[in-house]
Amino acid sequence: MSVDPLHTAGSPPRRTKSQPPRGPATSAVEVRRSARRSRTVSAYREGDRTIVLIPARMSEAEEQRWVTVMLDKLAAQESKRVLGDAELTERADRLSAQYFEGRARPDSVRWVSNQNTRWGSCTPAEGSIRLSHRLQGMPEYVVDYVLLHELAHLLVPGHGPRFWQLLEAYPRTERARGYLEGVAAAVRLPHVPAARDE
């Protein structure tokens, strides 16, 4: 039996009972059985619930096993997407060593949720770097660019030629800046109503 962690389109599956949550940090689990689904099992998040799609013919024991497998798989995928503050600090140290010969040494690197107009900020006098929570889930090269940008401020406070010269060492600077500019532009776009079925 193959495992597909992504929700696939098709006719709506038959709903079955909801499972109790697995631990305090996990959401409720709803298992949906489908006669059209013959071999695959998939799961996705829907608000505060996890939906697990399984073949209708599956036994209760198989259902329990696959629910556990899929919850673990989703948790692993989500943990890869979001770095904790400790991992962020390790990443900053690695980037400093790779691009700045280890000269940029922050005292703290952490995620913050109060930066809605900046991607990151640095206070050189304190050696602190803060990244906006809005970066979580963005491609790694984008997070790395913002980290390098803030690390460079530990060496050069302003945005003069010396500052940008430091960032030239990172080969994805222009690509990451373009990505962030695109995200910022998309936020400013007017909401387009969904097309009606005619």
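## Basis of the model and confidence

The model is predicted, and local features are reported only at a pLDDT of at least 70, side-chain atom pairs only at pLDDT 80 or more, while totals for chains, interfaces and linings use all residues. Residues are numbered from 1 along each chain as its sequence is written, and side-chain values use heavy atoms, with hydrogens and water left out.

The pLDDT, which is the predictor's confidence in each residue on a scale from 0 to 100, averages 80 over the protein chain, and 77% of the residues score at least 70. Confidence is lowest in strand β1 (residues 14-19), with a mean of 46, and highest in β7, with 95. Over residues 1-26 the pLDDT stays under 50, although the model has 62 contacts beyond four places in sequence for this stretch; a contact means heavy atoms within 4.5 Å. Residues 194-198 also have a pLDDT below 50, and beyond near neighbours in sequence they have zero contacts in the model.

## Overall architecture

The protein chain contains five helices and seven strands, arranged along the sequence as β-β-β-β-α-α-β-β-β-α-α-α. These elements are DSSP runs numbered from the N terminus, with helices (H or I) of at least four residues and strands (E) of at least two.

Of the contacts with a separation of 6 or more, 45% are between residues 24 or more positions apart. The accessible surface of the chain is about 12,100 Å², and carbon and sulfur atoms contribute 52% of it; these areas come from the Shrake-Rupley method with a 1.4 Å probe, and for residues only the protein chains shown count as cover.

## Strand pairing

Strand β2 (residues 28-34) is mostly covered, with six of its seven residues buried. Seven bridges pair β2 with strand β4 (residues 49-55) in the parallel sense; two strands pair if DSSP finds at least two bridges between them. Within this pairing, R32 has L53 in β4 as its bridge partner.

Strands β6 and β7 run antiparallel and are joined by four bridges, with G120 opposite L131 in β7. The two strands form a hairpin with four residues between them, and G127 in the turn has a positive phi of about 70 degrees. In the loop between β5 and β6 (120-123) lies Q115, which is buried at a relative accessible area of 9%. Beyond its neighbours within four places in sequence, Q115 is in contact with G120, S121, R130, S132 and R134.

## Helix α2 and the residue that follows

Helix α2 (residues 85-100) has 16 residues and reaches 21 Å from first to last C-alpha, close to the 22 Å expected at 1.5 Å a residue; the expected span is 1.5 Å times one less than the number of residues. Its buried residues are L88, R91, A92, L95, S96 and F100. Seen down the axis of α2, these residues fall within an arc of 140 degrees, so they line one face of the helix; the arc is that of the directions from the helix axis to the C-beta atoms. They pack against β5 (108-112), β7 (128-132), α3 (140-155) and α4 (161-167).

E101 follows α2 and lies in the loop between α2 and β5. Its phi is near 55 degrees, a positive value in a residue other than glycine. Most residues other than glycine have a negative phi. E101 is exposed, with a relative accessible area of 70%.

L151 belongs to helix α3 and is buried, with a relative accessible area of 0%. Leaving aside neighbours within four places in sequence, L151 is in contact with A92, L95, S96, F100, A104, P106 and I129. The C-alpha atoms of L151 and P124, 27 residues apart along the chain, are separated by 9.1 Å.

In helix α5 (residues 173-188), the end C-alpha atoms are 23 Å apart, which agrees with the 22 Å that its 16 residues should span at 1.5 Å a residue. T173, A176 and L180 are buried in α5. They cover an arc of only 75 degrees around the axis, which puts them on the same side of α5. The buried residues of α5 pack against α3 and α4.

Technical notes: Buried means under 20% relative accessible area, exposed over 50%, partly exposed in between (1.4 Å probe, protein chains only).
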